[in-house]
There are 2 protein chains.
Amino acid sequence: MSTISDVARAAGVSVATVSRALRGVSTVNAATRARVLRAADDLDYVASPTAASLASGRTRVIGIVTPFLTRWFFATAVSAIEKTLREYGYHVLLIDLEADSHLERRALTSQMLSKRVDGLITLNVPLRPGELALIEKLTLPVVAIGNPVPGHPLIHIDDAGAARQAVDHLAGLGHTKIGYVGAVPANAEHRLVPWGRLTGFRDAMREHGLVLNSEWVITCDWTAQGAAKQSTALFLRDDAPTAIVAASDEIAIGVMAIAAQSDYRVPQDLSIVGVDNYVLSDVLKLTTVRQDVIAQGRAAADTLLHILLSPTEEPGPDLPADMVDNVLTVPTELITRRTTSPARGAFVEAPPLLTTPADR
Amino acid sequence: MSTISDVARAAGVSVATVSRALRGVSTVNAATRARVLRAADDLDYVASPTAASLASGRTRVIGIVTPFLTRWFFATAVSAIEKTLREYGYHVLLIDLEADSHLERRALTSQMLSKRVDGLITLNVPLRPGELALIEKLTLPVVAIGNPVPGHPLIHIDDAGAARQAVDHLAGLGHTKIGYVGAVPANAEHRLVPWGRLTGFRDAMREHGLVLNSEWVITCDWTAQGAAKQSTALFLRDDAPTAIVAASDEIAIGVMAIAAQSDYRVPQDLSIVGVDNYVLSDVLKLTTVRQDVIAQGRAAADTLLHILLSPTEEPGPDLPADMVDNVLTVPTELITRRTTSPARGAFVEAPPLLTTPADR
DNA sequence: CTGTTAGCGCCTTCAG
DNA sequence: CTGAAGGCGCTAACAG
């Protein structure tokens, strides 16, 4: 474990020069720099991050705050963020707030953050007043994905718009009896995204002149199992809907499973549209409104790095080009697969293409 | 941002006493300690982790090395590890080695580890010689989950045994034509677990006196999509198997999907058993050999903490009770759901219970 | 049981 | 463009 002075000695320069040369800051004579790099390489020198942090006040570590890690959206986002940050020599401290129940979570504490991270990316975590005050006090740059953090950049999709795309598709197929699975319990803490999707659903139904039967709107936690359990009763009713908008693909899969077990055929008896384009959605032939989570993760990392690096000499990424007023709305797109079909007996103006594209 | 000397001043003691009192080491007079804690609390004091690390040489950060994060096993394990470590004041640095292709991965470098982590937990990552030399040089304690790291503690399941349990179940149902999906390409780097499961399958088939048709052994990457794609041909054959052992539940789901699209009914025409007990397996009624990933994550964290803390005054967790010779084999268990049924016309000695337990 | 003090390894003015 | 030197905030002997 060689130190900076070993390198300085080997290169015949001072430690200050080594520090400058290795970090690529200020102007160092090209020849000197080369000698330093050579010496560092020879000695397998790696600067001590803790010493560098203590002296500089920066850690090159970003905290990722997530309410869960075991769901597709979160794991995918974390993975994308990690890869982007690493390109710039930044590291990821994982802060998983999951508690015993899905309805509560652990708090973000000063121990987790203070002097430990240079910035934060939150994944669909609505920060509490105390937590907001904390990051304020620590003057930590924050970028939010999904659920906004007031006063900080936001990367998200148009949740209401996504639900609307789903309704448009079903209405276009002639469906009029459309239900919704994925309203969340009132006490759930991360409720903005579910709320947005439900609102979009309601608005779109109204715009299409469709009746919204409140008994067809099912509340459940955000899992396939919860969705399956809560929607069982729906398929025992005489007046069951002919189509379902699911708030997420995982929910949609739960609905598909329970519908099958209730002897409903999908899509002949029931059409289903999800939101996300989950890993398994392709193979399960689920029609869905796709969101690009990797793009969101990358955009969040780029934004944070831009904030962190722009006041320094180091080159950082640009802000995402389409960001306006600190908000980037990543577009969503309907992907038609086999879980939706025209409503029975409905007059459909433009019959949709129901065949599946060749396997990719 | 108060420092240790602010606290010392406020409590009327020296910085050394503050340090001792706050870390709970050595013997500090109870009254003094109380005064220190009080002062620290009043000042919202949080010790600078970088300064502490620089002085002590320990970071209280553990690196988790994973080849992916977006698959169930890995995300679940990371989450469990994080929770356990946090109970002891340790933090998680996430090292996701995923590269562009699933067949390759990025290397573990000195920059990622040196002076940055106190230890490593690897998730099914076979370390390369250079990487082994690196952790050797850094004298980093390592605990492996799944794929072993020579010379370090290992937490795993009996992969061959898991496949064997699957075969036993199918053979018990009278199946004789049993296929396998989930052999891996020879160039895949993380091949020990897949290999173990395939070996167990082969051995169990032989023990049951069953013929192993090599055309019923399908190679694919470890995803539902890959499995679906590669096993399509299987269901076009005249001599298709009547049962499939899938190397993982995600693979099993891919097979279920493609079987359904080939007009095979599950389980009437085809029985399927997976391995894992993936989140969606319950809702999809997939019979599987369950492995407890959370227990594995916790055991790995406990083991590493034990190694790290036993030479200090700090209390750490015990080693997992059933660990022998540095190896803990977590048991697996068959869960019967609806994707398996007796082979048609087969004489079944003890007819299995095919009904699903009430929803839990 | 408590205080003093010398580093830990690097960054960052400030001179030159 | 380069060197000297003072911290960054804490821990860990070592005395007392």
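The legends below describe close-up views of a predicted model with two protein chains and two DNA strands. Residues are numbered from 1 along each chain as its sequence is written, and chains are lettered from A and ligands numbered from 1 in the order in which they are written. Because the model is predicted, local features need pLDDT of at least 70 and side-chain atom pairs count only at pLDDT 80 or more, whereas totals for chains, interfaces and linings use all residues.

**View 1. The interface between chain A and chain B.**
In this view 40 residues of chain A are in contact with 39 residues of chain B, two residues being in contact if their C-beta atoms, placed from the backbone, lie within 7 Å. On the chain A side, two or more residues each come from α4 (49-56), α5 (72-87), β2 (91-96), α6 (110-113), α10 (224-231) and α11 (249-261); helices (H or I, at least four residues) and strands (E, at least two) are DSSP runs, numbered from the N terminus. The largest share of this side, 6 residues, is supplied by α5(A). By class the chain A side holds 17 nonpolar, 13 polar and 10 charged residues, where Ala, Val, Leu, Ile, Met, Phe, Trp, Tyr, Cys and Pro count as nonpolar, Asp, Glu, Lys and Arg as charged, and the others, Gly among them, as polar.

**View 2. The relation between the two copies.**

**View 3. The surface near DNA strand D.**
DNA strand D is surrounded by 25 residues, of which the closest are Thr27(A), Asn29(A), Ile4(B), Ser19(B) and Ala55(B); a residue is near a strand if its C-beta atom, placed from the backbone, lies within 6 Å of it. The elements that give two or more residues to this surface are α2 and α4 of chain A together with α2 (15-23) and α4 (49-56) of chain B, and α4(B) gives the most, with 5 residues. The surface near DNA strand D has 14 nonpolar, 10 polar and 1 charged residues.

**View 4. The surface near DNA strand C.**
Around DNA strand C there are 26 residues, and Ile4(A), Ala55(A), Ala16(B), Thr27(B) and Asn29(B) come nearest. At least two residues of this surface are supplied by each of α2 and α4 of chain A and α2 and α4 of chain B, and by class the surface has 14 nonpolar, 10 polar and 2 charged residues.

**View 5. The packing of α1 on α2 in chain A.**
Helix α1 (residues 4-11) and helix α2 (residues 15-23) of chain A pack at an angle of about 100°, with their axes 8 Å apart; axes are lines fitted to C-alpha atoms, for helices over the stretch in contact, and angles run from 0 to 180 degrees between N-to-C directions. That makes α1(A) roughly perpendicular to α2(A), a description used for angles of 65 to 115 degrees. Ile4(A), Ser5(A), Val7(A), Ala8(A) and Ala11(A) of α1(A) meet Val15(A), Val18(A) and Ser19(A) of α2(A), and the residues of this contact divide into 6 nonpolar, 2 polar and no charged.

**View 6. The packing of α2 on α3 in chain B.**
The axes of α2(B) and helix α3 (residues 30-42) of chain B come within 9 Å and cross at roughly 90°, and the two helices are therefore roughly perpendicular to each other. The contact is made by Thr17(B), Val18(B), Ala21(B) and Leu22(B) of α2(B) with Thr32(B), Arg33(B), Val36(B), Leu37(B) and Ala40(B) of α3(B).

In chain A, 6 strands form an open sheet of mixed pairing in the order β7-β6-β8-β9-β10-β12, two strands being paired if DSSP finds at least two bridges between them. Strands β7 (217-219) and β12 (333-335) of chain A stand at the edges, each with a single partner strand, so one side of each is left without a neighbour in the sheet. A cis peptide bond joins Val266(A) and Pro267(A), with omega about 10°, and Pro267(A) lies in the loop between α11 and β9 of chain A.

Definitions and conventions:
Parallel < 35°, antiparallel > 145°, perpendicular 65-115°, else oblique. Least-squares fit on C-alpha atoms with pLDDT ≥ 70 in both.
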